[in-house]
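Subject: Structure handover and findings

Dear colleague,

Please find below the structure that I am handing over to you. My notes on what was found in it follow directly after.

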Amino acid sequence: MDNRDANIDLLFRNGLKDYEVLPPVEVWNNIYPVVRKKQRPVLLLRSAALVAVLLSISFLIYRWGHEVSTSSENPFIAVRDQSNKSRDNASTAGMDKAVPVRSVQKGNNQTSLLPDESDSGALSGYSDPESMNLNPLAETGNLQSDYNLIKPEELTAIRDFKPLANISITPDFKGLEGISYEDTKAKIDRWSIMAMASPTYYLSSVTGSDGMARQINSSEQSQLSYSGGLAFAYKINKRLSIQSGLYYSSMGQEVDGINSFAGFRPYDYTKGDHNFEVITSNGVIYTNNTDVFLLDRSGNRVLTRYTNDVFDPDKAHLSFINSSLHQNFSYLEMPVILRYKFIDKLIDFNLIGGLSYNLLVNNSVTTIMDGNRYKVGTTGLNQFMISSSLGMGLEYSLSNKFSLNFEPTFRYYLNPFGEAYGLKAHPFSFGVFSGLSYKF
Amino acid sequence: MPEIKNIIKGCLAGSRRDQELLYRRHAAKLYAVCLQYSGNDDEARDILQDGFIKIFENLIHYKHEGSFEGWMRRIVVNTALEKYRSKHNLHRVDDIDLIPEQDADPETEDYAGLEAVDLLDIIRELPPKYRMVFNLFAIEGYSHKEISQMFNISEGTSKSNLSRARIILQKKVNLYTRLNKNVVSG
C-alpha cells in the first residue's frame, strides 16, 4: 500500500514537473494596469516628498537668512567703558535688566558722550558744536570697540542729554580726503548672464469621458526630461528684472499597450506614407518604418488598413519587439521672463513668471529591443508652442559678481503639442532649475 | 537574453518591458500550477493574475537566495490556497478505515501512455479538498502538520483527505491507462 501511494505521488510529481500551459492573452492585460496603478502612488508620493523637501529647504534658508539679517541690525549705543564702570559702582546694585550698548574705549584718557556726575558741569552748557573737540580720527591710536550694557536709568540720562557748551569741536576732514565719492557710491550691475539646467517632469492628460480618453490617460507615462540653457537678465530697478535667453528642452513619454513587431516589410503591399497611426495625448504617431507592424490588443488606438482580420502578426511569425512606444521631442525655447525680488537678504527670493516661445527641433517615436532603440515614426506635433511659466527663485550670493540660483518652476503649455482627433490635452511640466549667474 | 537579475531590477524600476518579459518567461509554467490547484479555467486565470500581481508587489522582498522560480511558485500556490480558503472549508474525515484498500488495481501499475495533460485532467477532477491536500503533500512536499495548520484542520483530517485523494487518483489513472491500452491495441 505504501509503495503504491509513493508511486502515485511520484507519478504526478514527475509527470507535472515541467508541464507548461500558455495562459490566455487577456491575463497579462488584466495584470499590468493593476501593477501600474499600484506603482503610480509611489511616484506621486515621491513627487510630493520632493516638493515637501524643497519647500522645507526654502523655508529654512529663508529663516536662516532672516535671523542673520535681524541680528546684524541690532541697535548699539556708543558709551565709554570707564563711565559704565563708574556708573555700575554707583548705582547698579539690584539691577537685573540691562540693554546692550557699544562703547568706545580710548586708553586711559576717555571722553564720555553720556552725562556723568563728574561731567555734569561741563555738559550742562553745551550749545556750540564748533567749540567741542569731536575729533575721533585724531586720537585713534588706541581705539578698540567693545560691547557693554547700559541700564534703563542710563537711557533716561541719554534722553535728557543736553548739548555741551564748553567743548570745542573742530571737524577734521583730513581723514576723508582719501575717500573718493565715486568709490562710496554703490555701483549697480544691471546685466547678468546665467547658465541653468533642470530635470523636468512632464505630464499631458487628455480630458473627456469617452473610452479613448481613459485608454490614453491610463496607458501613457511621462519620462524624466531635462531642460537647460543660457539666459541674460537686465535689472530694471532694484527689485524688477527682465530675462531672456535660449534653452533646449527634451521631453518624452512612454505609450504602453502598443505591441510592435519586426519583419513586416515583405507583407506591406501599399505605397502610402504610413501604415499605422497611433492616437496619443500629444498627437497622432505616424509610422515611417515599413518593417514595423503595430497592434493594440487592449484598445483601439491604432488606426490601420492592416486590421486583425486582414493580417495576423502571430500567424506571419513576425518578431515581437516591445509593447510600448517612446515619444521623444525637443524644443528650442526663448523665454521672456519677469522676476520680482520680494526678499532682498543674504538669500534673495524672486517671483518668476513669463512666457516661452518654443520651436520644435526633434521629433521621433522609437521602440526598444534589448537596449537598442528602433525608429518607428514621428508624432504630428506643432512646430511652434507657447508656454507660460511660474516659479520661485532663490539666489544666493557667492560674491559681488557670482551667485547660485535655484528655481522650482511650473510650466503650462497654452496650446497642445499636436491634434489628436478632437481630443483635448493640457500638457504641463515641473522642473527645478539650478545654475550659476554672473553680474556685470 | 537578459539575465533574471536584470529583469528583476528592471521590474523594480517600474519598467513595463521587464515586467512583461518576466511574465512571458514564467507564465506558462505557473499557469500549469494554477490549473493543478483549480477546478476550472476561470479560477486558474484568477489565481495566475492575482499571483503575478503579488509577485510584482513582493519583488522588492526577494533576497536572491534560492530558486526564483521556486519563490514565484510558492506565491502562486499561496494565492491558490487563499482562494480556496475563501470558498471552501476542509471537513474532518474520520471514516478512513472504511475505505477498502483493494480499490487500487495492482495490475495497472504500468502507467505507460499517460501524458502530463492526462495527469492534469485527472488531478483537476478531484474534489477540491482532496486536490488541495494531495497537491500540497505529494507535489509541494508539505507535511501533514503544515497542511493542518494551513487549513486549521487536524493532522488526521489531512491524512484522510490524502488517502481518499490517492484512491480516487489511482482509480482514474488505472482507467486512463486501460483506455489508452485499448486505443493502442484496438
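Helix α6(B) is largely enclosed by the rest of the structure, because ten of its twelve residues are buried. Please note that this is a predicted model. The buried residues of α6(B) are K129(B), Y130(B), R131(B), M132(B), V133(B), F134(B), N135(B), L136(B), F137(B) and A138(B). The helix covers residues 128–139 of chain B, and the distance from its first C-alpha to its last is 15 Å, close to the 16 Å expected at 1.5 Å a residue. Just after α6(B), G141(B) adopts a positive phi of about 90°.

Turning to the contact between the chains, chain B supplies 35 residues and chain A supplies 31 residues. On the side of chain B that touches chain A, the elements giving two or more residues are α2 (16–37), α3 (41–58), α5 (116–124), α6 and α8 (155–185) of chain B. Of these, α2(B) gives the most, with twelve residues. The residues on this side of chain B comprise 21 nonpolar, five polar and nine charged.

In chain A, strand β12 (residues 319–343) runs antiparallel to strand β7 (residues 240–262), and 18 bridges join the two. Within this pairing, S249(A) stands opposite Y331(A) of β12(A). Strand β12(A) is also joined to strand β13 (residues 347–369) of chain A by 17 bridges, again in an antiparallel arrangement. Here L338(A) has G353(A) in β13(A) as its bridge partner. A hairpin through three residues connects β12(A) to β13(A).

Finally, a word on confidence. The average pLDDT of chain A is 73, and 62% of the residues score at least 70. Over residues 70–148 of chain A the pLDDT is below 50, and this stretch has 108 contacts in the model beyond near neighbours in sequence.

With kind regards

Terms used:
Residues are numbered from 1 along each chain as its sequence is written. Chains are lettered from A and ligands numbered from 1 in the order in which they are written. This is a predicted model: local features need pLDDT of at least 70, side-chain atom pairs count only at pLDDT 80 or more; totals for chains, interfaces and linings use all residues. Helices (H or I, at least four residues) and strands (E, at least two) are DSSP runs, numbered from the N terminus. The expected span of a helix is 1.5 Å times one less than its number of residues. A residue is buried if 20 or more other C-beta atoms lie within 10 Å of its own, exposed if 12 or fewer, and partly exposed in between; C-beta atoms are placed from the backbone. Two strands pair if DSSP finds at least two bridges between them. Two residues are in contact if their C-beta atoms, placed from the backbone, lie within 7 Å. Ala, Val, Leu, Ile, Met, Phe, Trp, Tyr, Cys and Pro count as nonpolar, Asp, Glu, Lys and Arg as charged, and the others, Gly among them, as polar. pLDDT is the predictor's confidence in each residue, from 0 to 100.
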